[in-house]
Structures are given as structure tokens and as C-alpha cells.
Amino acid sequence: MTDGVNVGQIQCTSMKGRNGKDGDGKGISQLLNSYSDRELNLITRFYCERLEDAILYLVESIALTLTATDSLSNGNYAYIRNLSEHQQRKEAAKHLLSTVTKTNGCRERIFWETLVKMQESKPKLKLILKEIQSRGFDLLYNARIGEMEGELSDHLKGMQDQHKQHLLHQTEHVFKHTIKGDSKITTISLTDRYTELIIISTLRERRLVEHELLSRGREHEEWQRKYVTSELEKIRIDQLFRSSFGHSSLSGTTVVSGVAGIGKTTMVQRMVHEWAAGNIYPQFQFVLHFTFRNLNAINRAISLTEMVLDQYPYLAKIIEDIWMKPEYLLLVFDGLDEYKHQIDFTGHVAGDVSANHCVAPDCRCEVFEMVHSLVQQQLLRGCSVLVTSRPTALNSLEKANVNLWAEILGFLADERKEFFRKFFGSEQLATNVFKHVEENEILYTMCYNPSYCWIICSTLGPLFTQLKCKQPLPKTITQLFSIYLSNLLDNHKRDVEDQRMVLQRLGELAYQGVSKRRIVFNENHFIQHQLESSKFISGFMMEILERDDTAKNIVYTFLHLTIQEFLAALAQYLSPKHQNVVEMLHCAFKKDDGRFEIFIRFLVGLSTPTSSRNLEPFLGPLSHHTTCQVIDWLQANVQAEIKNLDRVTGKRKLLNTFHYLSESQNRALVQKTIGSVERLNFGDSNPKNALRLNPMDCFIMSHVVQLCESVMELNLEKCYIQEEGIKRLAPAIHKCKVLRLNDNNIGDTGVNILSASLVHSECKTKRLDLQDNNLTLACIEDLRMAFSQSESLSMLYLDGNKFTDDCIPKMRNFIINCKNLELIQLWRNQFSSDGKKQLRSLRECRAGVRVFV
């Protein structure tokens, strides 16, 4: 039994809170107990979809409670438990709720009482119960209305069918910019390409946006998943209206916000398409879709009727019938941030126009007055309205009568993979490209944004197929970002005459932010750098409403911290003045807080022709003077860092230097600076002094070590590289005479990869340390193969693994037949006394071998 639920205390006729005095629990219990069986069932069905998400990690405990009170059959419990144990919790929750809603009232009451008792550990569940308590019996009315559908006459049904066919045709394709080929636009099926986004039910605070921008790779993914899973409720497109999320389930305005490129317009297109196909929102008889971009072309007073018929002329005969029942109408307005007028949602509209001016569909007024009146329910009272916007326009909408606020967060891991699969159509190509992106923590982080996914797929796809494009695959993050930026400049042009000058100024602003750990900028910062908010700037920055008690201002932040760092580095190559870049790098490298790590990588990477050539057609030649200074600094800096490995900070600086060397793609420089290095020490027996390495770090280390003649010792003890790290290191580890891999959880599969590398004809490895790596019987044959084929391997340390007496026959065969093996150490394994005796006896079977067990 979990979560403190005592099934013996739950009775059908009583819904008391814990110990009868649990505050909110007591109140909600009393309310639920006052509902009739029919009413309680209505509440369950009304909240069903949200409950599925809220009870994901409680579903087995809830099922056990219901089974213990004979409210759920043993067969149903076994089925739910099996689903839960196989990580199919969503299906388990669906099955449980389906079963509960079909049972009698007594069982359903026990279900709700169980939820009341478990709510403290689950914020989403607690929120649902709090909503039910605050809404009381009004919720029942909303739930009943939400299930009703209006009937249509034959004439209206015929026109509705025609309207749906029109919308289906209008929304069935997505149009995207292309990079290659004669056409700059490609047409894609919405159904084939659409990937579900994470939409949350509350707008996040700016500090959460900042956290997301500052985190990268796995850290970003884990933070986002944890935050969404534990606190924020995901909303599907069919839950934005007439659901339990809004203040009212009857009608009103829903606002969906999100940064540039996050998928707001595509989400709207999908929603309209699904309604027209008859899959969602049957309660709406008509859906009318507008974009503010198109509404900008209306420069006169116009009535709502005229505006609708201008876009949907076939509705002329029934338009008055549509206006008669506004509660069955949904109006969609996409892209408020693109509208040329600011709409004031206070008691009056912009200008000196009376709030009652636009109160009927035939009243002529300005478009912004009409939108104001619809949102504020002064026009077509009872209709539903959807408005999408970037954060820019939320200032005015804060004053509006909004029923539901939502924000699009983008993609988590599964959605990213699905996007790649749908983009390429080929499972193998999608896997290859995604693997390349996944190994680069910066690019992987950016894939939360569908626009970035599109650009990355469009850029890398041709490079993997190699059918029409002979350009080599980008090897560094600088090369990838150079292609990314050139794609933006070429295919996503903005209204600016001198791209180089604006990017230089924007880069200088970005560098100031990197230097001062600032990611939020205001109008004063723009003025200092001679910048103005524009569509060109919006390709790189987003606007956020900054709120405090006295004022409301717009502030700016780059779409991602990595874009800020790339533009900061690029600015050093765009400036017409000769700057002291060496001094800048010297000061930046001394900082121990990591603020300049990625900036320096980009600065070094842009010194190579392979990175700069992509940008020069748009920005002109990059500064040769800056290139020379960067290479001079790098050469002078590397040697000093190799000797500074006593502390974690020193190890981190050396690893960063390796990243810079790899970013430079300058083979001669790498060989000159570290070609004769003797000892590389990133690990330690004390985990606090060991540097935790990700797969990208291992890849970079492998690249650098391959360029060395040999390395006396590579110490990666407690660096937690695991199997993925071994894969990245494999091409280089044969050059290390002493290889310390203790306590890295590489497992038997990691040993298989390692052994294949150590049979290299030029293997120089003499000592192999594999203590505390969860190794078992399965890896012994791989070790035997490596030691029997390598002429250098002679010492093996296997302490603290999971070898048992079952391993002794293979272990004996290994020790006896590997003639070069001089020492094997097997302390702290799981051998019996007799097993240890058998292994020690091998000292007599093979002269010169030392066996410690």
C-alpha cells in the first residue's frame, strides 16, 4: 500500500477527510458526498482526460484500493498492474477511469475518496480537487451544457458540410521554405507532418523561461519533462474549449501564447482541420478562421458580416442564422503580435470610440474594435474566441476577459524523434540525422522548437543522403550554426538593408549579455547599441512582458542562449575595427563560472574556412585579423592547461581547451600543442574531484587523442562515461598505455565495444582498469579475445564487479590461454571460498601470472 491510503477506512457512505480534519480535504469530501450518483458520474466524465494525466503514477495504488473494497475485480486490477509495470501507465489510467465511470455510485465515491487522500503528493490532482470545490454546483451546470450539441436544420447542415469541405481543402497542406532546389516553397500534408506539441494550462513566469534558455542538452530535457510532469497540465487541442481547464466550460476566450516558431499557426491549422473532419468540437456548428496578418490589409470600417463573407462568401444565405446562435460559434484569430494596431482590452477600445459602438454583426467598425468586442463578449455574447500570440501582445490581453490561458512549450524527446521520422519519411535516415543531433547537446536542446527542427532537418538531410549535395557533413557546432544562420539569412529574409551591420550590433549586445550573464534586455540596451525592434530582430530574439507593481514593460531575450553566444562570437569577425581579441579571450578563459565556454568555442570555430564560407555570401569576408589572433591565443593557451589538472576546475579548463581544438579543425595545431602529452587526468578516486563527461565530451577527447602519437595514461575514473562514452572513445583508446575506466558503469556491452578497439594492430595499452563497472560472465569472452590478440595488454583490474562461481570455468580458460597476461585482480567479487581457491591455484598452472582474488 502506498501514499498513506488505508483501504479499511474508506466506506461507501462516508467521505470524511483524513482524521476528519484535513482542511481542504474535508471540504471537498463533503461537496462530493452531496452530489447524487448521476451528478458524480457527470463530474468524473467531465474531468476524465485531466484525471488520466493526474493519476499516471498513482494508478496501481488506486486500483489496489478499489480492489480491496470490492469496487474493482481482481482481473481488472491484474490488467492495470501489468500495464503499469510495462510503463504503459496512460493505458492503465484510461482503463481504470473507463471502468470506474461504468460502475455504480458507491464504487465511484470510493474512487473519489481515494483521490482526496492521495492529493497532497500530486499537484495536478490537488488542482483538480481544488477547482471542483471552488466551483461547487455551478460545475454541474457547465458539465451538462458541455455535453449538449445543437441540432441543425437540413439547410444549415448542407451549408455546414460545404464549409467543412472548404476548410479541409484550405488546411490540408503546410507550406515551408526549402534550402535546395529551384522552388523556395514546398507543400506538405498536414496530417503526415504534424507532431503534437506540449501545451500547458498556465503561462510560465519569466524565471522559468530564463531557466530553459540557460539549460542545455539532457539537463534541459530532464528539467522540462520534470516540470511538465509534476506541475503543469498538458492540454490537447480538443481541450481548449468547453473543458474543465477554463474558468467556464460554456464559452469565452482562450489565449494560446508561444515564442516565434514554436508552432502556434500550425496548431491552429490542425485544430480547424480536425473540426472540419468531424473529429473534435462537435458542439460548434461553425468555425471561422482569420489571421491578423491578412486582417492588416483591411483599412476601412467593416462589419463582422462583411468580414466573414469576404472570406466565406458561400455563407451569405445563412449568416443571419449563424448569428442567432453564437453559443455554437468559434472564431479563431491567429497571430495577434503581427497585427498593425494595438488592441486595448480595458473598458473601451483604442481611440475615443464608445465601447458600445460594435455590438452587432452588421455594425461597421475598425477590425481592432471588432476583435475587442468579441473577446469582451460585447458582440455575439456566448460565442467562443481563440487568440494566438507571441508573448509581445500579452500586455493588452491581460486586461481582457480570458477564460483560459495556455502556452506552447514545444517538443520533448519523443515528439522530437517523431518530427524527424515524419520529416524524412525514411526511418533509417531519420535515425541517422537524429543521432547526429542528439550527440550535440546544443542542437538537441534547440529541437524543442519545431522551427529549429525544420531548419536542422532541412540542413542536415541532404548532407546525409549525399545524392545531390557533396558538401561534407558538419563536424562542429560552429559549422552547424553557420549553416543554420545562413539558412535564416537566405530563406527567412527580413526587412533590413544592411544585414552585416545589424548583426554586428546585435552581436555586440549579445556579447555584453554573455559578459554580464544577462539574457534579458530592455529598450535602453537597444538604444545603447543603435538597435530597433524589427521583424529582422525577431528572427533572433523574443519579446516578454515584464511585470511589476508599478509598470509593465517589454523586455527582450534571444530565442536561445546558444544563439546569443553564436552572435556574440560572430560580432568579433564583423567589426570594422581591429580589436584586441587575445586580451578578450584571456579574460574570458579565466572565468570559472562557464559563461564564456560556448562563446569561445564559436569564436575559435569561426576562424576556420569551413565555418565562415557559409556566411560570407550574405555578410562579406570575416575579419582575417581576428582569425590570426584567435589561433595565436589558442596555441599559447593549450600547453599551460595540460599541466593544471589537480582540481576539477583545471580538468574542466583542459576539457574546454580540447573542445576549442576540435572546433578549430586545425590538425597541425592539435599535433603541435598536445601531440606529445604524457598524462591526461580527468578522473579521481574521489567523485568530487572527477569530471563527469557526457558523450560529446568523450567524442571530443577521442578526436584529440587520435592526433597524439601516444598517451602514457588516460584516467577517467568515476567520470561516469557509461556505454555511450565508450562508443565515442573507441577510435582512440588503443593509444593510451594505461587506461583507467574504474566506476563508469560501462557494463558488459561497454566491454564488448572496448575490446574491439583494443585489438587494433597498433594498440599500445598495457594496463586496463575496469573496477566497479557491473561486469558479469557475459564480458569474459570479449576480454579473452582482446588479451589474446593484443601484444601489449598485460594487466587487468576487475575488482568490485558481479563475477560469481558460474564465471570460474571461462575465467580459468581466459587466464591460462592469454600468455601475455601478467596480472589479474578480482577483489570484491561474489566468489565463494572454493571459487577463490580455484582461481588462486592458477598461479601454479601458468608460471609468471599473478592472480589476486
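This is a predicted model: local features need pLDDT of at least 70, side-chain atom pairs count only at pLDDT 80 or more; totals for chains, interfaces and linings use all residues.

Trainee: What order do the strands take in the open sheet of seven?
Mentor: E11-E12-E13-E14-E15-E16-E17, with parallel pairing. Strands are DSSP runs (E, at least two residues), numbered from the N terminus. Two of them pair if DSSP finds at least two bridges between them.

Trainee: Why is one side of E11 and of E17 left without a neighbour?
Mentor: Strand E11 (679-681) and strand E17 (850-852) stand at the edges, so each has a single partner strand.

Trainee: And how much are neighbouring strands turned?
Mentor: By 10 degrees on average, direction ignored. The axes are lines fitted to C-alpha atoms, with angles from 0 to 180 degrees between N-to-C directions.

Trainee: How many bridges between E13 and E14?
Mentor: Three, linking residues 736-740 of E13 with 767-769 of E14 in the parallel sense. Valine 738 has arginine 767 in E14 as its bridge partner.

Trainee: Switching topic: what's the order in the open sheet of six strands?
Mentor: E3-E8-E4-E7-E6-E5, and the pairing is mixed. Strand E3 (198-200) and strand E5 (286-291) are the edge strands, pairing on one side only. The twist averages 20 degrees from one strand to the next.

Trainee: Which way do E4 and E8 run, parallel or antiparallel?
Mentor: Parallel, with five bridges joining E4 (residues 252-257) to E8 (residues 402-410). Serine 257 has glutamate 407 in E8 as its bridge partner.

Conventions. Residues are numbered from 1 along each chain as its sequence is written. Side-chain values use heavy atoms; hydrogens and water are left out. Helices (H or I, at least four residues) and strands (E, at least two) are DSSP runs, numbered from the N terminus.
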